Amino acid sequence: MRADIIMLPGDGIGPEIVAEARKVLERTAVRFGHEFHFQELLIGGCSIDAYGEPLTEETIERCCRADAVLMGAIGGRVGQSLWYELPPERRPEAGLLRLRKSLRLFCNLRPAKLYSELRNACPLRTEIAERGFDVMMVRELTGGIYFGTHSTEELDGELVATDTLCYRESEIRRIARKAFEIAEKREGRLCSVDKANVLASSRLWRRLLTEEAARYPSVRLSHALVDSTSMQLVRDPAQFDVIVTENMFGDILSDEMAEITGSLGMLPSASLREDSFGLYEPSGGSAPDIAGQNVANPLAAILSAAMLLRYSLNLTTEAECIEEAVEEALRRGFRTRDIAERDSAGGQRVLSTSEMGDRIAEQI
Ligand code: IPM
Ligand code: MG
């Protein structure tokens, strides 16, 4: 197969971890006889530095013409970076949001799985970590409060800031269907998360999810409130199979889910359109504090590359091959700093970002 893949390394640790994902993809292409063409473009702070804006029209167009996009991370340190002295719509985050919206990537998948080798890195109670968990978060990505109106004005002598949260029926139904389809292929348990005791948008969400459930008899739908879900995730994550939720709740819960897998550096993500096109990125951020030191964990980026092969190129065997290589590396005791045990009785080796990429590539 021949495929055009756009790389958007971005800021902070982005370039380092994307380089490792590319290494693994290149190795996979050789091993399975594919031809992947890579093109690197700018997004976020580095694009502001080069072009004065976090995302150019040209970059959006080139992403549109590709088969898939692999991103690193965007942004710097608020308060330290000059990027945050710009108006909000010209900051790094605005570039990512604009890209998601322009490419119509409404369905964000964030799989949080506790690898048995990383049980000691899991911050939950030992017996919970022993049980393990494997939760797929389906986050609505192009609606809700992220894409409402945002304004600050002066009213009656004081500042008033307003953000609006709006969901259309069609937006809720299409993410619901994706989530049901995903649940059908897993254990058939779908938990829809909302705040229906307070928000009108959540009440509509709950009603439409219940209606859609009729089309998927093999899936058991439950509803839960977001505050309670955040508590249940640390109490007993194994109770969840698939979680579907709106944009901001998904943003918050997915960081929590990442942390309980042992490290934010382990969580990949896929942002999908109605067809097979998608953008793939680690769920973690740009980690400016460790950027440029060759210590960041590249596994989330490498696992995102596996998701790219699975969802956009339909290369299931190749995706599984990468995922198995990651598990094998963990089994052999290879760790980046974030997932290394502090006083491991031996058997573990702390690797740099590029060494970890090498180990995975060798396994392909
Ligand atoms: C994420 C990030 C983004 C989001 C930021 C960088 C805009 O936190 O992908 O989870 O809020 O969606
Ligand atoms: Mg987030």
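Reply: What follows goes through the packed helix pairs one at a time and then turns to the ligand.

The model is predicted. Two packed helices are described by two values, the angle between their axes and the distance between those axes.

Take helix α6 and helix α7 to begin with. Helix α6 covers residues 169-185, helix α7 covers residues 200-213, and the two pack at an angle of about 50° with their axes 9 Å apart. That angle makes α6 oblique to α7. The crossing of this pair is right-handed. On the α6 side, the residues in contact are E169, I172, R173, I175, A176, R177 and F180, and they meet S201, L204, W205, L208, L209, E211, E212 and A213 on the α7 side. Sorted by class, this contact holds 9 nonpolar residues, 1 polar residue and 5 charged residues.

Next come helix α3, residues 57-65, and helix α4, residues 92-102. Their packing angle is about 40°, and their axes are 11 Å apart. The two helices are therefore oblique to each other. Here too the crossing is described as right-handed, with α3 passing α4.

The remaining pair to go through is helix α8, residues 226-235, with helix α9, residues 247-260. Their axes come within 10 Å and cross at roughly 10°. An angle under 35 degrees counts as roughly parallel, and α8 and α9 are therefore roughly parallel to each other. Helix α8 contributes V226, T229, S230, L233 and V234 to the contact, while α9 contributes F249, L253, E256, M257 and I260. By class, the residues of α8 and α9 that touch divide into 7 nonpolar, 2 polar and 1 charged.

The residues around ligand 1 are E93, R100, R110, R139, Y146 and D251. Of these, E93 and R100 fall in the range of α4, residues 92-102, and D251 falls in the range of α9, residues 247-260. R100 has a polar side-chain atom 2.7 Å from an oxygen atom of ligand 1. For D251, a polar side-chain atom lies 2.9 Å from an oxygen atom of ligand 1. R139 also places a polar side-chain atom by the ligand, 2.8 Å from an oxygen atom of ligand 1.

Key:
Residues are numbered from 1 along each chain as its sequence is written. Chains are lettered from A and ligands numbered from 1 in the order in which they are written. This is a predicted model: local features need pLDDT of at least 70, side-chain atom pairs count only at pLDDT 80 or more; totals for chains, interfaces and linings use all residues. Side-chain values use heavy atoms; hydrogens and water are left out. Axes are lines fitted to C-alpha atoms, for helices over the stretch in contact, and angles run from 0 to 180 degrees between N-to-C directions. Helices (H or I, at least four residues) and strands (E, at least two) are DSSP runs, numbered from the N terminus. Angles under 35 degrees count as roughly parallel, over 145 as roughly antiparallel, 65 to 115 as roughly perpendicular and the rest as oblique. A crossing is left-handed if the near helix is turned anticlockwise from the far one by less than a right angle, and right-handed if clockwise. Contact means heavy atoms within 4.5 Å. Ala, Val, Leu, Ile, Met, Phe, Trp, Tyr, Cys and Pro count as nonpolar, Asp, Glu, Lys and Arg as charged, and the others, Gly among them, as polar. A residue is near a molecule or strand if one of its heavy atoms lies within 4 Å of it. A polar contact is a pair of N or O atoms within 3.5 Å; within protein, one must be able to donate a hydrogen and the other to accept it, and residues adjacent in sequence count only if both atoms are side-chain atoms.
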